[in-house]
Every structure is written in C-alpha cells, then in structure tokens.
Amino acid sequence: MSLTTHKTYLGMAILATFSLISGCDKSADQEPAATETAEITETTETDGIATTETAVVENAEPASTDTVTIYSSRNEQLIQPLLDQFTAQTGTPVELVTDKTGPLMARLEAESTNTPADMLLTVDAGNLWQAGEKGLLQPLNSSIVNENVPAKYRDSSDLWTGLSLRARTIFYDPSKVQPTDLSTYADLADPKWKGKLCLRTSKKVYNQSLVASMIEHYGADKTEEIVKGWVANLAAPVFSNDTKMLEAIAAGQCQVGIANSYYYGRILEDNPSFPVKIFWANQGNGPDDFGTHVNVSGAGIIKNASNPTGARQVIEWLSSDQAQSLYASADKEYPVKPGTDHSEMLKSWGTFKQDDINVSIFGQRQAEAIQLMDRAGYE
Ligand code: FE
C-alpha cells in the first residue's frame, strides 16, 4: 500500500498551451482563479487627450499558501492529468497524496488540526458519508456545485458532492441467459437462479450501499429475505472484486452477477469480445422498478483545511462542463452534471432509469446494511 506524493507546478506558458489543446468553452465555465491578481491602471496624456488603460496582471508565482493538497483514493494516473489541467488553467498548484480510503481517513483523524490536506477525493457515497460523520469535512457552500450537481448526488448536509456516477447493475452470460429472464436485483433471489449467481464480498462498500438502498425501498425485513435468497443461489464463494466476478461469468462458473459498470468497461477495452452482457436492473413499471442503483465518486473540503477556498475551486472546476466528461470518461464512469457528453462505449450500453434516492442514504443506512448482510449469511 504505497503512499505517493506528487507535486504539480505549472506556469503561464502551459496555460497558453492548454487553451490550444482543450478546446473548451471558456466563456461558459470561467471560474475565478486562486492566483492573486492586481489591476494596474495607467493614464497617459497625449495632445491633451487622456487615455486610460487597465490591465489585469497575474502574479508570476502563486503564493505557497495557494497550493491545494488533495488526499485521494482515486487512481493517480487517472486523476493527475485532470489536476494538471486545473493548475494550467488557474495557476493554482495541486499536491496529490494517494492512498486507500481507510488509511487516508485514519491519517486525517490523527493529523486533526495539523493536517496538510485541503480536500478529500474518494469513491462511494458510503465512504464520503463516513468522512462527514467523523467530522473530517466542512460544508461546501458552493452555488456553482449546487447548480452543476443534482441534489440527489450531494450530501444532504452539504459536506460533500458527487463528481461522477457509477452504475451497479446485473451482468449475464448470453449463451445461457436471455435478457427477458432478467428483471431486478430482488429477482436474483428467486430459486430459478440456484447455483447460478455470483457476488462480490459484502465487505465491499459498493454492496453495502446497494443493500442500504434496498432497505430504503423495501424495508429491512423484505431486504433480508432477498439477501438470504442471493446467498442460497450462490454458485461460488463470494469474490474479492468485481473483475474476478465478471471473469467467473465469462468462464461459465456462474450465469449472472452484480458489478459496477466501469469494471466491465475496462475489460471490454482490452477484450471487445468478452462474452458477458450488461443488463440495466429495475427498469420496468412494477413496484420493484425504482431504477438501477447509481453511486458516486466525490469530494469534500477538509474541516481543518488551510486552503478551503482553493479546495472549493478544485471541486467547482471538477463539476464544470469542461472537466466533467474528462473526469467521468477517465474511468468509464458517467458524468454527474446532466447533459455532459460521455464515451461511445457507455453510449453503446444504452440509456437507463436511475434510482432517484439521495446517495446520502447509502451512508445513513450503512451500519444497518452490514448487520443485515451478516444475519443473512452474506460473507
Ligand atoms: Fe471500484
């Protein structure tokens, strides 16, 4: 579990380069830069006619206090190029510290008021909610974020916001299963799937969030029956990750399973003929059809941040049109800002109805979900 630190520092020359390569609509998304600016007004008089020229001059080197330090659990290779673009555009340096979510949160708690961190960037509303519960975050207070990100993908206490969407849905072996055989997550508990279902471990927050959403929709009793049904239908012991689970479907070990769509996208990129298909869960018109479970990756400002303004600017920039499609497509996710374009591969999977409940609920019901899965024998 290596901890890496990467410092970004880019000057005005790259700013000019970025303007050429980005092709973004700057007028639509001009965010204030963290770099301090000064207005210089010069009045000259020639032949009795006064002319006034005003120029905005940017400081060549931003003050070191302007650096935004981000604790991130996201893949550095995916995130760093985006942050480089932020720096090129705003002049604000960003320092990225990468580790897994658990160690990052422990570090934030231990560092308390001495933390160098200004911002937390991580995945799953369950994790973001935990950070808020531990008192590690402060309110975003951003009208830009509120405008860009629908309320259902933001914390109800404004402590964090989603920045990309990940759908957790059903995958199947098309040589044995027809799409018409599939419908809902709950249907995977039906005895017709006995010995045919594969699942990832319940220890993963993604499954805790999915079950938390089901408790919200069905209540605990019905959800427990469904989870017991899943366990009874398992074709193999639970998998340590979604990729192994998808590969088990491809290998014929099981016929159906539940995974995040970007893992499927990563596999398809390497192997376009991967013999597994995606099915959007809960899309019909029945009482169970509340839409496919959608979770977020997201960010919040650290409570003891020394540069909360810079952190807010990074989050606002990541929620903007110019960053959204890049941020989402970096890992085959969906943009959180409505109307933002996404990749051809994702388009080829078709559109789907998303579950409408607020993602904060995944955190609020997380403890309940963990206990329920334990009672149901879901390991
Ligand atoms: Fe993941």
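This is a predicted model: local features need pLDDT of at least 70, side-chain atom pairs count only at pLDDT 80 or more; totals for chains, interfaces and linings use all residues.
Which residues have the most contacts inside the largest nonpolar core? That is where I would like to begin, and they are Met119, Leu120, Phe171, Val211, Ile302 and Val314, in a core of 90 residues. A nonpolar core here is a set of buried Ala, Val, Leu, Ile, Met, Phe, Trp, Tyr and Cys residues joined through C-beta atoms within 7 Å. A residue is called buried if 20 or more other C-beta atoms, placed from the backbone, lie within 10 Å of its own. The largest share of this core, seven residues, comes from helix α6, residues 205-218, and the core draws at least three residues from each of domain 1 (4-19 + 52-165 + 295-341) and domain 2 (166-294 + 346-375), with domain bounds that come from an automatic or database assignment.

Residues are numbered from 1 along each chain as its sequence is written.

As for the chain as a whole, its secondary structure comes to 14 helices and 13 strands, which are DSSP runs numbered from the N terminus, with helices (H or I) of at least four residues and strands (E) of at least two. Of its 379 residues, 45% count as buried. If we take the contacts with a separation of 6 or more, 79% of them join residues 24 or more positions apart, where a contact means that two C-beta atoms, placed from the backbone, lie within 7 Å.

Leaving out residues up to four places away in sequence, Phe171 touches Leu246, Ile249, Gly257, Ala259, Tyr264, Val276, Lys277, Ile278 and Phe279. One of these, Gly257, is found in strand β10, residues 256-260, and counts as buried because it has 25 C-beta neighbours inside 10 Å. Beyond four places in sequence, the contacts of Gly257 include Leu197, Cys198 and Leu199, as well as Met245, Leu246 and Ile249.

Leu246 also takes part in a helix pair. The axes of α8 (residues 242-250) and α9 (residues 261-270) come within 9 Å and cross at roughly 65°, the axes being lines fitted to C-alpha atoms over the stretch in contact, with angles from 0 to 180 degrees between N-to-C directions. The contact is made by Asp242, Thr243 and Leu246 of α8 together with Tyr263, Tyr264 and Ile267 of α9.

Ser202 sits between β9 (197-198) and α6, and counts as buried because it has 23 C-beta neighbours inside 10 Å. Ser202 and Asp374 are 172 residues apart in sequence, yet their C-alpha atoms are 8.4 Å apart in space. Asn282, in the loop between β11 (277-279) and β12 (293-302), has a positive phi of about 60° although it is not a glycine. Lys332, in the loop between α11 (321-330) and β13 (334-335), likewise has a positive phi, near 60°, and is buried, with 22 other C-beta atoms within 10 Å.

Technical notes: A residue is buried if 20 or more other C-beta atoms lie within 10 Å of its own, exposed if 12 or fewer, and partly exposed in between; C-beta atoms are placed from the backbone.
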